[in-house]
Amino acid sequence: MTEPLLPVVGIVAPSGSGKTTLLQKLVPLLRERGLRVGYLKHSHHPLAIDQPGKDSFEVAAAGAEQVLLAAADGWALMDYAPQRGADGELALAELLARFDAARLDLVLVEGYRQEHHPKIEVHRSDADKAPLYPDDPDIVAVATDAELPQDATPVALPLADPAAVADYIQARLRDGRLRGEDPRDELVRRCREARASPAEPRAGWLSIRVGERYWLAPIALAGDDPTHASIHARVMTEGEAAEDTEKPAADGVDLAQAEARIHRQIYAAQPGARAIVGARMPYTAAVGFRGRSFEPVDPDGADAFGSVPALTLELQELAAKAPKAVAEQLVESGACILAGQGAYTWGRNLSQALQRAALLERSAEIYTLWRQASV
């Protein structure tokens with residue numbers, strides 16, 4: 001198995017609920033317990049670390065992608081051109097990877113409510129806002145001045161007693177329950193879950209990307225050893241990706257290698273993609289043979305996709321033509337159908353990519369049944 005990630009706990013709440021106030025009290029309490037604490041905050045405002053008129057500011061404005069400011073009391077590295085998502089944001093896993101894990105025992109995260117990691121919610125009874133925990137299974141505790149319902153699953157912590165919150169964090173840290181899941185382990189787990197779930201693709205390939213690397217694994221895993229389940233590869237630069245598509249196809253078709261090349265191309269073309277599903281789905285594969293884009297007739301599919309491009313390629317053409325063709329179609333769409341094979345979907349995480357694939361297959365099934373009923 002891979003090494004566990006740096007332990008993380010998120011502090012979440014609507015604006016004005018007192019997240020920062022609690023954090024300012026938690027950090028010294030955790031330090032008194034001997035814990036080395038890091039802090040990551042999501043900001044909705046542009047970075048304003050440097051100042052206009054300074055040499056470093058002017059060089060950055062001239063186009064430097066990274067600027068490091070060093071002084072006697074510390075240093076700060078500003079990265080102006082990282083691989084960002086479609087909404088301009090970096091994934092939490094990529095940001096956490098920038099911490100020096102050897103110097104920290106724990107990272108407190110403020111914001112990133114949509115990411116999957118253990119979270120503590122701050123909820124005030126007078127805030128006139130609904131609590132978040134009923135809709136977020138990642139919330140493991142609620143620091144509140146009110147009583148939670150008896151059927152509430154999170155632990156209730158006294159908001160007026162930050163030491164109790166610190167005790168809770170320390171206890172969970174001690175028994176290992178704040179350690180995140182390595183993306184490679186998540187990939188293998190989701191492959192197994194997808195194979196067992198009727199709502200998700202039973203065959204195909206999943207991949208995840210962190211920084212400049214991605215990992216690819218088949219949904220139909222052979223055996224239980226994850227070290228034999230994944231293909232480790234590097235996200236290619238645009239130049240290398242272009243060269244990749246120009247390689248002549250070998251005799252026969254190595255489906256695993258062809259799949260790896262398709263995922264490489266999608267990641268190169270889609271900076272916002274953090275996960276890709278290459279799903280072997282019968283209804284989706286069938287509607288691709290129409291030779292034109294698929295137009296879902298159900299409201300959910302029409303709302304999610306509008307129109308899904310479809311490609312028709314012979315099996316022997318997959319290795320040579322599919323990577324570039326699929327990537328080009330996915331630039332404008334979250335999904336692309338490969339006739340006779342299935343579909344490719346991408347997302348900011350595996351859950352989103354798998355949901356898109358499942359929704360597309362359901363839309364294709366509804367379309368097929370609709371056509372049969374119309375005859």
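Me: What is the expected span of a helix?
Reply: It is 1.5 Å times one less than the number of residues. Helices are DSSP runs of H or I with at least four residues, strands are runs of E with at least two, and both are numbered from the N terminus. This is a predicted model: local features need pLDDT of at least 70, side-chain atom pairs count only at pLDDT 80 or more, and totals for chains, interfaces and linings use all residues. Residues are numbered from 1 along each chain as its sequence is written, and side-chain values use heavy atoms, without hydrogens and water.

Me: What span should helix α11 have, and how far apart are its end C-alpha atoms?
Reply: Helix α11 covers residues 350-374. Its 25 residues should span 36 Å, and the end C-alpha atoms are 36 Å apart, so the two agree.

Me: Why is Tyr 367 counted as buried?
Reply: Buried means under 20% relative accessible area, exposed over 50%, and partly exposed in between (1.4 Å probe, protein chains only). Tyr 367 has 7%, so Tyr 367 is buried.

Me: Why is Trp 370 called partly exposed?
Reply: Its relative accessible area is 44%, so Trp 370 falls in the middle class.

Me: What makes Trp 75 exposed?
Reply: Trp 75 has a relative accessible area of 61%, so the cut-off for exposed is passed. Trp 75 lies in strand β4 (residues 74-79).

Me: Why is the ring pair of Tyr 367 and Trp 370 called tilted?
Reply: Rings of Phe, Tyr and Trp (its six-membered ring) pair if their centres lie within 6.5 Å; planes under 30 degrees apart are stacked, over 60 edge-to-face, the rest tilted. Here the centres are 5.6 Å apart and the planes at 50°, so the pair is tilted.
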